[in-house]
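User: I am new to reading protein models. Can you take me through the terms used for this one?

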Amino acid sequence: MTTTLATPYSIESLLGEEAEDLLTYKAKVAKDLLHLPGPDFVDRVWINSDRNPQVLRNLQTLYSTGRLADTGYLSILPVDQGIEHSAGASFAPNPIYFEPENIIRLAIAAGCNAVATTLGVLGAVSRKYAHKIPFIVKLNHNELLTYPNQFDQVMFASVEQAWNLGAIAVGATIYFGSENSTRQIQEVSLAFKRAHELGMVTILWCYLRNSAFKQDQDYHLAADLTGQANHLGVTIEADIIKQKLPENNNGYAAVAQATGKSYGKTDKRVYTDLTTDHPIDLTRYQVLNCYCGRAGLINSGGASGKNDFAEAVRTAVINKRAGGTGLISGRKTFQRPFEEGVQLFHAIQDVYLSEAVTIA
């Protein structure tokens with residue numbers, strides 16, 4: 001059963017001084033170019049693709065669950081941080097989440113469309129919950145126990161294992177730009193092919209990873225670089241793209257200037273005609289690179305902090321107004337008391353349910 005908690009804050013009050021700008025801004029690239037979320041998204045966008053009927057059914061199941069059911073938007077709880085950041089670092093703030101069942105309970109109580117977590121977590125409780133909320137098995141991870149620490153996504157699970165425990169989807173990460181990205185692209189592409197054969201939805205964490213991307217700013221968050229990562233993701237048939245919210249732009253030039261070497265390919269019109277420095281325009285460029293929204297863009301909620309509610313609502317507003325498909329929020333929700341985690345999810349979901357928050 002979904003627990004409903006009233007939030008004491010309005011969207012405008014959480015946005016603070018940015019409220020008018022974020023809620024009224026008109027994007028540089030017209031929304032008419034996009035395939036926008038809606039109740040008919042699967043029928044309108046995916047029906048003519050090569051996805052088989054089982055994939056279409058599971059896509060529809062994903063979009064038809066939770067508080068955002070049949071809106072075309074997604075709210076997902078991801079908990080792979082026990083591997084990605086270590087269990088101690090992730091769960092010490094709230095030790096109840098060392099217990100896998102509480103992860104599933106949070107997703108259900110919060111009215112999420114799905115829960116995305118590890119093979120071990122979902123396998124431990126699959127018979128009790130696989131029919132109650134859509135499962136997404138995260139197939140690969142970066143672990144930090146090896147010394148010295150390395151940064152490489154390696155397979156922890158197979159598509160068949162995910163299918164056997166009742167998952168409707170698989171997720172994976174590629175560290176685009178890293179020295180291991182070529183191998184990761186090949187591994188994930190094969191996994192996604194097999195997942196589609198078995199009727200499962202595919203979700204790709206399109207993250208950047210290279211020390212060269214950290215210059216005067218952190219260009220792991222650049223719209224042009226993350227946008228290209230998204231484009232590589234949809235090329236290997238990710239049905240949904242997970243990406244960090246962009247904070248800057250012109251990463252290609254920054255890397256080339258810092259290294260003194262030519263880097264990548266771009267076009268000046270990306271910066272003059274397709275983007276500005278406004279966060280909605282930067283995020284819209286990410287959506288454009290998801291085949292104009294054919295593959296839904298979900299932005300990540302980020303690390304937990306002092307202003308989680310305001311930050312989460314801000315991210316949701318930017319994502320929605322840019323033409324994105326939703327938010328995937330982990331640490332901001334499970335690193336706080338259970339009921340507060342539910343309330344934060346509801347604050348995010350209320351953005352997507354609000355008729356006042358329109359597409360820019």
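Analyst: Let us start with a loop. C292 sits in the loop between α13 (279-288) and β9. The model is predicted.

User: What is the phi of C292?

Analyst: Phi of C292 is positive, about 60°, although C292 is not a glycine. N250 also has a positive phi, near 65°, and is a residue other than glycine. N250 lies in the loop between β8 and α11 (251-259).

User: Why is N250 called partly exposed?

Analyst: Its relative accessible area is 36%. Buried means under 20% and exposed means over 50%. The value of N250 falls in between, so N250 is partly exposed.

User: What makes D239 buried?

Analyst: D239 has a relative accessible area of 1%. The cut-off for buried is under 20%, so D239 counts as buried. D239 is placed in the loop between α10 and β8. Leaving aside neighbours within four places in sequence, its contacts include W46, H196, M200 and G296.

User: How do you know that the side chains of D239 and R51 make a polar contact?

Analyst: The two side chains come to 2.8 Å. A polar contact needs a pair of N or O atoms within 3.5 Å, one able to donate a hydrogen and the other to accept it. The pair of D239 and R51 is therefore a polar contact.

User: Why are β7 and β8 said to pair?

Analyst: Pairing takes at least two bridges. Strand β7 (residues 201-208) and β8 are joined by three, so they pair. The two strands run parallel. L204 has I241 as its bridge partner in β8.

User: What makes β8 and β9 a pair?

Analyst: Four bridges link β8 to strand β9 (residues 296-300). At least two are needed, so the two strands pair. Their sense is parallel. Q243 stands opposite N299 in β9.

User: How do you know that both faces of β8 are covered?

Analyst: Look at its side chains. I240 and K242 lie on one side, I241 and Q243 on the other, and all four are buried. In a regular strand, side chains alternate between the two faces of the sheet.

User: Which elements make a right-handed β-α-β unit?

Analyst: The unit is made of β7, helix α10 (residues 223-235) and β8.

User: What makes helix α6 mostly covered?

Analyst: Helix α6 spans residues 100-109, and seven of its 10 residues are buried. Among them are N102, I104 and L106. The cover includes β1 (74-79), β2 (114-117), α7 (119-129) and α16. At the start of α6, a side-chain oxygen of E99 reaches to within 2.9 Å of the backbone nitrogen of E101. Just after α6, G111 has a positive phi of about 75°.

User: Which residues touch the most other members of the largest nonpolar core?

Analyst: They are L77, I104, V115, F135, L204, I241 and V317, in a core of 94 residues. Helix α16 (residues 338-353) gives the largest share, eight residues. A second, separate core has 24 residues, including I76, W205, I240 and I298. In soluble globular proteins, nonpolar side chains tend to be buried together.

User: How confident is the prediction, and where is the pLDDT below 50?

Analyst: The mean pLDDT is 95, and 98% of residues reach 70 or more. Residues 1-7 are below 50.

How values were computed. Residues numbered from 1 in each chain as written. Predicted model: local features only at pLDDT ≥ 70, side-chain atom pairs only at ≥ 80, totals over all residues. Heavy atoms only, no water. Core = buried A, V, L, I, M, F, W, Y, C linked by side-chain atoms within 4.5 Å. Buried < 20%, exposed > 50% of the residue type's maximum accessible area, 1.4 Å probe, protein only. Right-handed = clockwise from strand over helix to strand, strands pointing away. pLDDT = per-residue confidence, 0-100. Contact = heavy atoms within 4.5 Å.
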